[in-house]
Amino acid sequence: MKCIVLTQKEKDNLVAHAIEQQPSESCAMLLGKKVGDNWNVKEVFLTENMDDSQTNFTISPEELLKGHQLAEKMHLELVGVFHSHPNSDAVPSSTDKKFMQNNPVPWIIFSGVNNSLKAYLLDSDLVEISIKID
């Protein structure tokens with residue numbers, strides 16, 4: 001079964017970042033290794049939302065470059081994208097789905113409404129995958 005694996009500390013960091021950035025969406029790059037059907041997060045690279053929006057997020061080209069350089073330096077790869085929905089459920093929006101096509105890794109979404117964390121993968125269809133806390 002496909003899943004994305006996080007430590008409790010990484011999960012706590014993502015949730016804290018999401019709450020701290022409210023009312024705007026928060027975002028982060030998840031770096032690690034894909035092993036079989038598991039995306040194993042080894043490093044959370046917190047980023048700023050250039051849009052400063054409650055309904056969209058954009059990671060600046062400079063931060064994307066820094067994230068990819070960090071991954072390269074640590075011999076890791078992009079294994080996930082994180083962002084929050086401050087005012088809605090943890091379900092990908094139509095905009096998310098569009099960008100998921102360009103970034104075919106698990107997307108973790110945090111809901112500021114009910115504090116839930118869910119992960120999705122877009123293959124031919126949108127599929128919810130499990131989040132395993134290691």
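**Entry 1: strands β6 and β7.** I began with strand β6, residues 117-122, and strand β7, residues 126-133, in this predicted model. I noted that β6 and β7 pair in the antiparallel sense, with four bridges between them. I then looked up Ala119 and found Ile129 of β7 standing opposite Ala119.

**Entry 2: helices on the sheet.** I turned next to helix α1, residues 8-21, which packs on the sheet. I recorded that α1 touches β1 (3-6), β2 (27-35), β3 (38-47), β4 (77-85), β5 (107-111), β6 and β7. The direction of α1 makes about 40 degrees with that of β3. Helix α3, residues 94-102, also packs on the sheet, and I listed β4, β5, β6 and β7 as the strands that α3 touches. For the direction of α3 against that of β6, I noted an angle of about 55 degrees.

**Entry 3: the sheet as a whole.** I followed the order of the strands and wrote down β1-β3-β2-β4-β5-β6-β7. These seven strands form a closed barrel, and their pairing is mixed. I noted that neighbouring strands are turned against each other by 35 degrees on average, direction ignored.

**Entry 4: the largest pocket.** I looked up the largest pocket and found about 360 Å³ of space in it. Its lining consists of 20 residues, and I marked Phe57, Ile59, Phe99, Asn103 and Trp107 as those nearest the centre.

Conventions: Residues numbered from 1 in each chain as written. Predicted model: local features only at pLDDT ≥ 70, side-chain atom pairs only at ≥ 80, totals over all residues. Heavy atoms only, no water. Pairing = 2+ DSSP bridges. Helix = DSSP H or I, 4+ residues; strand = E, 2+ residues; numbered from the N terminus. Axes fitted to C-alpha atoms, helices over the stretch in contact; angles between N-to-C directions. Contact = heavy atoms within 4.5 Å. 1 Å grid on protein atoms, 1.4 Å probe; cavity = no way out; pocket = protein on both sides within 12 Å on 5 of 7 lines; lining within 4 Å. Points joined across faces, edges and corners; volume = space filled by probe spheres on them.
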